[in-house]
Amino acid sequence: MIGRLVIVGTGLIGGSFALALKAAGQVGRVAALERSPQALARALERGIADEACATPEQALRGADLVLLAAPVGQTGALLASLLPHLEPHTVVTDAGSTKCDVVAAARAALGERIGQFVPGHPIAGSEANGPDAAWAGLYGGKKAVLTPLPENDPAAVERVAGAWRACGALVHTLSAGDHDRVFAAVSHLPHLLAYALVDDIAARPHAGMLFQYAASGFRDFTRIAGSSPEMWRDISLANRDALLAELDAYLAQLNSLRAMLAAADGRALETVFASAQRARQAWLDAIEAGSPPLPPHRDTE
Ligand SMILES: NC(=O)c1ccc[n+]([C@@H]2O[C@H](COP(=O)([O-])OP(=O)(O)OC[C@H]3O[C@@H](n4cnc5c(N)ncnc54)[C@H](O)[C@@H]3O)[C@@H](O)[C@H]2O)c1
Ligand SMILES: O=C(O)C(=O)C[C@]1(C(=O)O)C=C[C@@H](O)C=C1
């Protein structure tokens, strides 16, 4: 049970966390720190937050748990603004889609108080953003990855893990490095590709005609290009090295497919397509079966 929860950024992710904990009866009072007055007003109207705070000082008084749910590029500045008001018992966590940059920013901002910061990332979301997109069921049956630090007290990690479990999530543990390499491949690269395709089509002289006939295949492939540009700018830059490596691997795959196509090598194309189809089906089956958490481990470096 969390007596006082502070949500910094009451959009899809922060708002859904507050609503899920409220629905589970696991939170007393939710205080909000929000950059946008419109978002703050909607968060109050929707019952995401009980209290709008004008300053970190007001928000942090008596706080048990703080969730940072703003774009990852703001992590350092936000933590620096919280630090002077951070009470000894308060645990701070985040929902950022990248972890190495978040940990580095947290270390720089919090210094010797770093043990109070437990990095996290819910593996659930959508292309919709803002408080109106938030809902209590977002995390049900989904994973929440924690990348705990050597300085974290196990009780602090458990406070964060317990909150995600109360939201219905399955808690996994990864090192920050493993986290960023994995999500570069299966989340950050697909977003870059979707934005690239839509931008490319939109720039063609006959874009209107192309969009007129684009149907469900195009819709499925590009759904995530409807996501927040600010958020994805921050994620792309924060995980730049891993994302560049994934982009290079993908370009090599595209070049290989291009060569097969140029050679009219139908057998080679079908082999790649069949292998991808099998891998996708196995992934869907595993998701439905509920994949178990990996054993916890930390970076060795
Ligand atoms: N959208 C997803 O699918 C998803 C999934 C998992 C994690 N995340 C991560 O969660 C975080 C939030 O994403 P979201 O989808 O909820 O975005 P969102 O746009 O719905 O919400 C972010 C909110 O943060 C507010 N904000 C921005 N800067 C702020 C600041 N300095 N102080 C206070 N409030 C501020 C914005 O006004 C907005 O209301 C991001 O770090 C993102 O990487 C997103
Ligand atoms: O469903 C979507 O729209 C998402 O993009 C969710 C998604 C992803 O699967 O890539 C996006 C970013 C995250 O950090 C976690 C989840």
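This is a predicted model: local features need pLDDT of at least 70, side-chain atom pairs count only at pLDDT 80 or more; totals for chains, interfaces and linings use all residues.
The C-alpha centres of domain 1 and domain 2 lie 30 Å apart, and the bounds of these domains, which come from an automatic or database domain assignment, are 2–174 for domain 1 and 179–289 for domain 2. Residues are numbered from 1 along each chain as its sequence is written, chains are lettered from A, and ligands are numbered from 1 in the order in which they are written.

Let me stay with the two domains for a moment. Their contact takes 14 residues from domain 1 and 15 residues from domain 2, where two residues are in contact if their C-beta atoms, placed from the backbone, lie within 7 Å. On the side of domain 1 that touches domain 2, five residues are nonpolar, six are polar and three are charged; here Ala, Val, Leu, Ile, Met, Phe, Trp, Tyr, Cys and Pro count as nonpolar, Asp, Glu, Lys and Arg as charged, and the others, Gly among them, as polar.

The shell holds 30 residues, of which Gly 9, Gly 11, Ile 13, Gly 125 and Asn 129 come nearest, a residue being near a molecule if its C-beta atom, placed from the backbone, lies within 6 Å of it. The elements that supply two or more residues are α1 (12–23), β7 (120–123) and α10 (229–238), and α1 gives the most, with three residues. These elements are DSSP runs numbered from the N terminus, with helices (H or I) of at least four residues and strands (E) of at least two. By class, the shell around ligand 1 divides into 14 nonpolar, 14 polar and two charged residues.

Ligand 2 is surrounded by Ser 97, Ile 123, Gly 125, Ser 126, Glu 127, Ser 187 and Ile 224, and this shell has two nonpolar, four polar and one charged residues.

Turning to the sheet, six strands form an open, parallel arrangement in the order β3-β2-β1-β4-β5-β6, with two strands counted as paired if DSSP finds at least two bridges between them. The edge strands are β3 (51–52) and β6 (117–118), each of which pairs on one side only. Helix α4 (residues 75–82) packs on the sheet and touches β1 (2–8), β4 (65–68) and β5 (91–94); its direction makes about 155° with that of β4, the axes being lines fitted to C-alpha atoms, for helices over the stretch in contact, and the angles running from 0 to 180 degrees between N-to-C directions. Strand β2 (residues 27–33) runs parallel to β3 and is joined to it by two bridges, and Ala 31 stands opposite Glu 51 in β3.

Finally, two valines. Val 27 lies in strand β2 and counts as buried because it has 23 C-beta neighbours inside 10 Å, a residue being buried with 20 or more other C-beta atoms within 10 Å of its own, exposed with 12 or fewer, and partly exposed in between, all C-beta atoms being placed from the backbone. Leaving aside neighbours within four places in sequence, Val 27 is in contact with Ile 2, Leu 5, Leu 21 and Lys 22. Val 145, in strand β8 (residues 143–146), is also buried, with 24 such neighbours inside 10 Å.
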